[in-house]
Every structure is written in C-alpha cells, then in structure tokens.
Amino acid sequence: MTADSLLIARGAVVLGAKGMLGRGLCRLLEGRGVSVIAADRDELDIASPEAVKQSRLPMDAVWFNCAAWTNVDGAEEHEADALAVNGGEGLAVLCARIKEAGGKLVHVSTDYVFDGKATKPYGVDEPRNPIGAYGRTKAAGEKVIEQSGCDFIVARTSWLYAPWANNFVRTMAKLTRDKDELKVVDDQRGRPTSAEHLARSLVSLVDAEGSGVFHVTDGGECTWFEFACAVRDGLGHTCVVKPCTTAEFPRPAPRPAYSVLDLSRTESLIGNMPHWRVNLADVLKRLEPLD
Ligand SMILES: NC(=O)c1ccc[n+]([C@@H]2O[C@H](COP(=O)([O-])OP(=O)(O)OC[C@H]3O[C@@H](n4cnc5c(N)ncnc54)[C@H](OP(=O)(O)O)[C@@H]3O)[C@@H](O)[C@H]2O)c1
C-alpha cells in the first residue's frame with residue numbers, strides 16, 4: 001500500500017501539530033487529501049502515560065510524533081521534564097497502543113544523539129553517545145521505540161528552519177536586517193534542514209514502506225557562520241557577519257562540533273536530498289513577517 005493509500009485509508013495523527021515541523025506536515029497532508037488529526041499538548045500530553053492510556057485518538061493511524069521538548073539549554077536543568085516528553089513512559093505507552101492497533105509511528109529525532117567528535121558523516125547505525133541532556137532524552141526516546149516492537153520510522157534531523165516559527169534563519173533574517181555587524185560561530189559543522197523538505201521526506205519514507213532509522217536533512221553541509229552569510233546574501237542585507245568560536249558564546253548545553261548525518265540509506269530509498277542552498281532560497285522567498 002502506498003503512503004497516500006495507507007494515509008488515505010488510515011488517516012494521520014500529527015502530534016506537536018503547532019510546532020515548526022508539525023505545522024508544515026499538517027499542511028502537506030491536508031493538501032494531499034489525507035484526513036489529519038492535528039493534536040497538540042491540549043489534545044494529548046505525551047508526558048502523561050495516563051493521558052496516553054486514556055486517549056481516544058485512533059491508534060491504527062499513521063502517527064507523526066513531532067512533539068518534543070526542544071529547549072536544548074533548558075533541558076540541562078530540567079532533564080526529567082524533558083525526558084518525560086522525549087523518551088518517557090508516555091512514549092512507551094503510545095508505542096504499545098500503536099503496536100496493538102496495527103498503526104505506524106513516524107518519530108523525529110536529532111543529530112544530538114551523537115557526540116559530535118566524528119570527522120565523517122554519522123551513519124544510521126553508529127552508536128549513540130549524546131553529550132548533553134537534550135540528546136540523552138532524545139536517545140532514550142529512540143531506544144523506547146526500538147524496544148517496543150511497533151512498526152516505526154525514526155527520522156533523525158538537524159538544524160531545522162521554516163518560513164515560520166522561531167529558528168536560525170528567521171533570527172538571522174532579523175539580525176542581519178537590524179544590525180551593522182554580527183558574530184556567528186564557525187566551528188560547528190552540520191546540515192541545515194528545511195522543515196517542509198523534512199515533512200515531504202517523512203511522507204515519502206512512509207510511501208516507500210520504510211522502517212527503522214533514517215537520516216533526513218538538506219544536502220550539503222556548512223557551519224552556522226556560512227549558513228548565516230547565505231541568509232544575509234539571499235535577503236540582500238549588508239550586515240557584516242564575522243566568524244567566531246563556540247567558546248566566545250558559552251551556553252548551558254554543550255553543542256556537537258560535527259553533526260553531519262549520513263544520508264545514504266534515505267537517499268537510496270527516496271532519492272537525493274536537495275542542497276541546503278536550494279531549500280534555503282525557497283524558504284527565504286516565503287518568510288512570514290519578522291518582528
Ligand atoms: N528545531 C530543530 O532545530 C531540531 C533539530 C533536530 C531535531 N529536531 C526534532 O524535530 C522535531 C520537531 O521539532 P520542532 O522544532 O518542530 O519543535 P517545536 O517547534 O518546539 O514544536 C514542538 C511541539 O511539541 C509540543 N509539545 C511539547 N511538549 C508536549 C507534550 N508534553 N505533549 C504534546 N505536545 C507537546 C509543543 O507544544 P507547546 O508549544 O505547547 O510546548 C510544540 O507544538 C522534534 O522531535 C525535535 O526534537 C528539531
């Protein structure tokens with residue numbers, strides 16, 4: 001059964017529907033005529049196992065879990081709260097219920113499950129070794145899903161951006177518009193990811209009857225500094241952007257220095273990921289109003 005027919009037959013539940021990715025995913029699925037239940041914390045609090053047990057949402061649907069504790073720095077002080085959302089008992093109960101009902105779980109994870117010490121792209125099977133609390137909670141979520149026996153796709157992604165919501169592209173669009181000069185870190189390397197491209201890829205993975213762990217990002221790689229310069233140039237701003245080191249901007253949570261995810265498993269199933277400069281140019285044309 002193709003994704004469209006599976007999704008048409010079963011419908012989709014998008015949890016975290018008001019988030020950056022959830023919003024793009026709901027729009028995409030609705031545009032394809034899929035019956036979508038857009039759920040957020042009010043409809044189902046995934047941090048509450050009891051709420052998940054009692055939920056009347058259809059467990060035989062294709063579930064896209066875009067709900068997450070995404071405050072990387074906040075997770076350092078509130079790891080138990082972050083774990084409850086990202087990899088706790090609520091997720092375990094959800095997996096068990098989806099398994100029992102014959103549904104499918106498409107779950108989104110992160111490059112932060114790796115330590116960032118590699119010098120070549122991380123393969124899907126490389127050992128998880130998170131260096132911060134957020135990564136630990138997301139790694140725990142992956143294990144919960146893998147051990148549950150449900151039909152799942154775990155899609156790890158990185159550096160998400162969209163025309164809406166709070167993200168690096170929108171922040172740089174504002175800062176390069178409003179400031180004459182700016183410093184951006186140049187010693188962290190990764191792969192930006194358009195949330196809309198990720199949404200399309202998740203649906204394509206379902207369509208291709210994918211199961212297991214996949215990496216989904218834009219193609220190419222860069223540092224935050226290079227990414228910021230591309231935002232500035234794409235918008236025709238004239239702000240001077242200067243490279244700096246992570247050490248110059250200490251944050252509560254450590255960041256992986258190298259978080260390039262290997263895309264070969266995904267690309268062999270659903271085709272090549274467009275370069276981040278292509279996806280970025282498309283997003284910059286449609287930026288929602290900045291403050
Ligand atoms: N953003 C990135 O750069 C990035 C990078 C790598 C991976 N990821 C992963 O990609 C996925 C999507 O990220 P995103 O940036 O779209 O996230 P986001 O914008 O922060 O959205 C997360 C959504 O989850 C909801 N949520 C939080 N706690 C919940 C709970 N207990 N029950 C139900 N819903 C809850 C949030 O609702 P509230 O607004 O009410 O909290 C929000 O709607 C996440 O799994 C994230 O870990 C993101």
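Predicted model: local features only at pLDDT ≥ 70, side-chain atom pairs only at ≥ 80, totals over all residues.
## How the two helices cross

Two packed helices are described by the angle between their axes and by the distance between those axes. Here, helix H8 spans residues 168-178 and helix H10 spans residues 224-235; the two pack at an angle of about 60 degrees, and their axes lie 9 Å apart. Because of that angle, H8 counts as oblique to H10. The crossing in which H8 passes H10 is right-handed.

## The protein as a whole

Stepping back from this pair, what does the protein contain in helices and strands? There are 12 helices and 12 strands. The radius of gyration is 19 Å, close to the 19 Å that the globule rule gives for 291 residues, so the protein is as compact as a globular protein of that length. Taken along the principal axes, the box filled by the C-alpha atoms is roughly 55 × 40 × 35 Å.

## Burial and contacts

How much of the protein is made up of buried residues? They account for 49% of the 291 residues.

The contacts can be viewed by sequence separation too. Of the contacts in the protein with a separation of 6 or more, 82% are between residues 24 or more positions apart.

Methods:
Residues numbered from 1 in each chain as written. Axes fitted to C-alpha atoms, helices over the stretch in contact; angles between N-to-C directions. Helix = DSSP H or I, 4+ residues; strand = E, 2+ residues; numbered from the N terminus. Parallel < 35°, antiparallel > 145°, perpendicular 65-115°, else oblique. Left-handed = near helix turned anticlockwise from the far one by under 90°. Rg over C-alpha atoms; globule rule 2.2 N^0.38 Å. Buried ≥ 20, exposed ≤ 12 C-beta atoms within 10 Å, placed from the backbone. Contact = placed C-beta atoms within 7 Å.
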